[in-house]
Amino acid sequence: MSATAISSSGSLLSGKPLRAVAAIILIVNGLFPALWILLTSLKTEAELTLKPITWLPHAPTLQNYMQAFADQPLLIFLFNSFMVALLSTALTLLISFLAAYALARLNLRFRGLIMSLIIAVSTFPLVTLLVPLFETMRALGLLNTWIALILPYTVLSLPVCTLVLTSFFEGIPRDLENAAMIDGCTRFGALFRVVVPLSAPGVFTAGILAFVNSWDEFLLALSFNSNPALRTLPVGIQLYQGEFAFPWPVISAALVVGIVPVAILIVIFQERVVSGLTAGGLKG
Amino acid sequence: MRTGHVAMTSRLEPAAERVETRRAMLSRLLDPDETTLGALLLAPAAVLLGGVIVYPVCKLLYTSFLDLSLTSGLPARFAGLANFQQMLEDPVFWQATSNTILITLITVPGALVVGLGLALLANLPFNIRWPVRLSLLIPWALPLSFAGLIFAWFFHSEYGVVNDVLNRVGLSGAIWFNSPRLAFAAICLTVIWKASSFMAMIILAGLQTIPRSLYEAADVDGAGRVRQFFEITLPLLKPTIVVALIFRTITALQTFDIPYMMTGGGPGTSTVTLAMYIHQNTVSFLDLDYGSALAVVMFILSMCVTAVYLRMISGREGAR
């Protein structure tokens with residue numbers, strides 16, 4: 001597994017204490033912010049204004065969670081986020097599956113050019129699309145609809161998913177398809193009977209990346225969907241801030257509600273996500 | 001697209017093909033030749049990219065030369081370089097641009113150093129790997145806007161955990177968001193935290209491809225660990241790091257969510273980024289022509305970085 005911390009010489013650097021310290025640094029760095037928000041969400045408003053501040057809640061309460069659902073349509077924000085992410089992921093997967101199959105399997109004359117184009121698109125700054133898309137969506141009356149977000153999110157994830165799927169297809173032996181075609185399958189028959197079932201793990205990996213991309217996006221969601229009924233979660237969370245008040249425990253509760261679904265996804269599919277990110281998803 | 005066209009004409013050419021029976025045509029449709037199939041499979045992606053990237057970019061360039069006064073109701077007219085001239089005389093534009101470049105110059109190397117450190121730690125031979133993996137994945141999956149909010153709470157002047165820790169170790173806490181410099185520092189720290197774990201994952205994957213035998217050979221030769229790091233690890237990681245840096249640079253140029261959530265650009269306009277200024281002009285002021293001109297600047301900035309990247313990739317492939 002490891003390459004740098006090798007050496008059986010048993011020096012201090014590869015010893016057990018070092019590993020323990022390393023694990024603590026990594027875990028505190030990665031998880032403390034989320035943990036802190038969780039602790040905050042369990043504190044009462046009164047406890048929050050104690051000085052010096054308390055770290056662990058004295059009297060843990062779920063009041064803030066009830067408040068978070070009562071004050072704003074949190075369930076609707078979640079639903080919007082979920083549906084936009086799901087629909088754009090489905091569209092991305094469909095389109096990138098076809099493109100990746102062509103790039104991995106066919107002898108395309110402009111393959112190099114197409115790959116360069118895909119990489120160029122993956123570095124494309126979404127911010128610059130803000131102005132013309134805002135103008136177009138406004139003209140078409142698509143502001144405050146799911147479509148206004150689904151289309152740009154699909155483009156956002158398309159390059160990454162195409163690269164992940166292309167490298168995945170390249171790992172499926174061509175002989176399997178050739179055998180199916182010799183057995184009388186058409187190319188499409190071979191595609192659906194051989195490639196589709198075998199590529200399920202790759203599609204799944206690409207799907208998680210696309211889903212997280214959409215779930216996290218903020219700028220376009222903020223700009224295109226201002227109607228509270230159509231806000232996605234990152235944008236909806238802003239509504240908790242009053243003009244003068246900033247109810248941190250309630251905001252924290254809403255944040256926890258927003259973090260949990262993706263955290264579950266990540267916990268279950270962690271290895272797959274890592275392999276996807278390193279296969280072609282160089283965007284973060 | 002062009003490949004499909006070529007295939008189409010060649011199919012129509014020979015007269016004999018006209019007698020092709022319906023059944024043969026159907027089977028051809030179900031089992032097309034490679035070029036036609038390639039064009040068909042790539043068409044949806046091409047249509048989407050055309051509609052959501054190429055057309056909007058053309059429109060962006062066009063709009064940046066117009067004078068659209070949406071509020072006055074006057075028709076749009078061609079304004080030449082007026083928007084760009086306005087930009088040069090706009091102090092907020094210069095502030096936003098210099099903030100954006102400064103954030104890039106600080107957070108890209110910052111995230112690289114922190115990410116490299118995290119990757120080296122994560123590469124130790126742990127018995128159980130999942131806690132380490134999760135502690136790199138969770139920050140990656142956390143929305144940027146959430147990270148902004150969480151860190152705004154961290155840096156809260158009265159109840160924030162940062163000031164609490166500072167007080168506990170005997171330093172005095174600061175009112176982070178009242179001072180342009182401190183607010184900027186808080187933003188940069190947050191961006192570095194958010195970006196470094198992704199950087200670490202990419203570098204970790206690179207580390208794991210370095211053959212162990214290289215280190216064993218170096219051990220035999222008596223090379224110390226530090227020397228091994230600089231002479232084996234870093235050179236072999238270089239391609240991975242360069243690609244990660246380029247993507248990081250392009251993302252840093254677009255910084256929006258974190259400063260928007262943490263400071264809203266304040267105090268004053270001291271932490272406004274170019275992306276925030278584009279958003280403000282477009283969505284809040286509906287000043288689409290000026291917003292377009294600003295976005296053109298952003299487009300040029302990031303295309304320069306992309307061009308460097310593409311040149312590097314083709315250079316590497318050419319060398320093979």
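Predicted model: local features only at pLDDT ≥ 70, side-chain atom pairs only at ≥ 80, totals over all residues.
Which residues does A:Thr162 touch, not counting residues up to four places away in sequence? They are A:Ser96, A:Ala99, A:Ala100, A:Leu103 and A:Ile118. Chain A has 14 helices and 0 strands, while chain B has 14 helices and 2 strands. Between the two chains, an area of about 9800 Å² is buried.

**The two chains**

- In chain A, the order of elements from the N terminus on is α-α-α-α-α-α-α-α-α-α-α-α-α-α.
- The C-alpha trace of chain A spans about 75 × 70 × 35 Å along its principal axes.
- Chain A contains 284 residues, of which 57% count as buried; chain B contains 320 residues, and buried residues make up 50% of them.
- When contacts in chain A between residues at least 6 apart in sequence are considered, 71% join residues at least 24 apart.
- The corresponding value for chain B is 66%.

**The interface between chain A and chain B**

- Contacts across the interface involve 104 residues of chain A and 108 residues of chain B.
- Carbon and sulfur atoms give 76% of the area buried between the chains.
- The count of salt bridges between chain A and chain B is 1.
- A salt bridge joins the side chains of B:Arg133 and A:Glu271, with a distance of 3.5 Å from N to O.

**Nonpolar cores**

- The largest nonpolar core has 176 residues.
- The members of this core that touch the most other members are A:Phe169, A:Ile266, B:Trp140, B:Phe154, B:Ile203 and B:Ile278.
- A second, separate core has 9 residues, including B:Phe247, B:Ile250, B:Val305 and B:Ile313.
- Leaving aside neighbours within four places in sequence, A:Phe169 is in contact with A:Phe97, A:Ala100, A:Tyr101, A:Ala104, A:Arg105, A:Val195 and A:Ser199.

**Helix H9 of chain B**

- Helix H9 of chain B covers residues 180-207, which is 28 residues.
- From its first C-alpha to its last, helix H9 of chain B reaches 39 Å, close to the 40 Å expected at 1.5 Å a residue.

- A:Thr162 lies in helix H7 of chain A, which covers residues 147-170.
- The relative accessible area of A:Thr162 is 3%, so this residue is buried, the cut-off being under 20%.
- A:Ala100 is one of the residues that A:Thr162 touches, and A:Ala100 is also among the contacts of A:Phe169.
- B:Thr63 belongs to helix H3 of chain B, which covers residues 34-63.
- B:Thr63 counts as buried because its relative accessibility is 2%.
- Not counting residues up to four places away in sequence, B:Thr63 touches B:Leu68, B:Asn83, B:Leu288, B:Asp289 and B:Ser292, as well as A:Glu135 of chain A.
- B:Thr63 and B:Phe230 are 167 residues apart in sequence, and their C-alpha atoms are 50 Å apart in space.

How values were computed: Residues numbered from 1 in each chain as written. Chains lettered and ligands numbered in written order. Heavy atoms only, no water. Helix = DSSP H or I, 4+ residues; strand = E, 2+ residues; numbered from the N terminus. Expected span 1.5 Å × (residues − 1). Core = buried A, V, L, I, M, F, W, Y, C linked by side-chain atoms within 4.5 Å. Buried < 20%, exposed > 50% of the residue type's maximum accessible area, 1.4 Å probe, protein only. Contact = heavy atoms within 4.5 Å. Buried area = accessible area lost by both parts, 1.4 Å probe. Salt bridge = Lys/Arg side-chain N within 4 Å of Asp/Glu carboxyl O.
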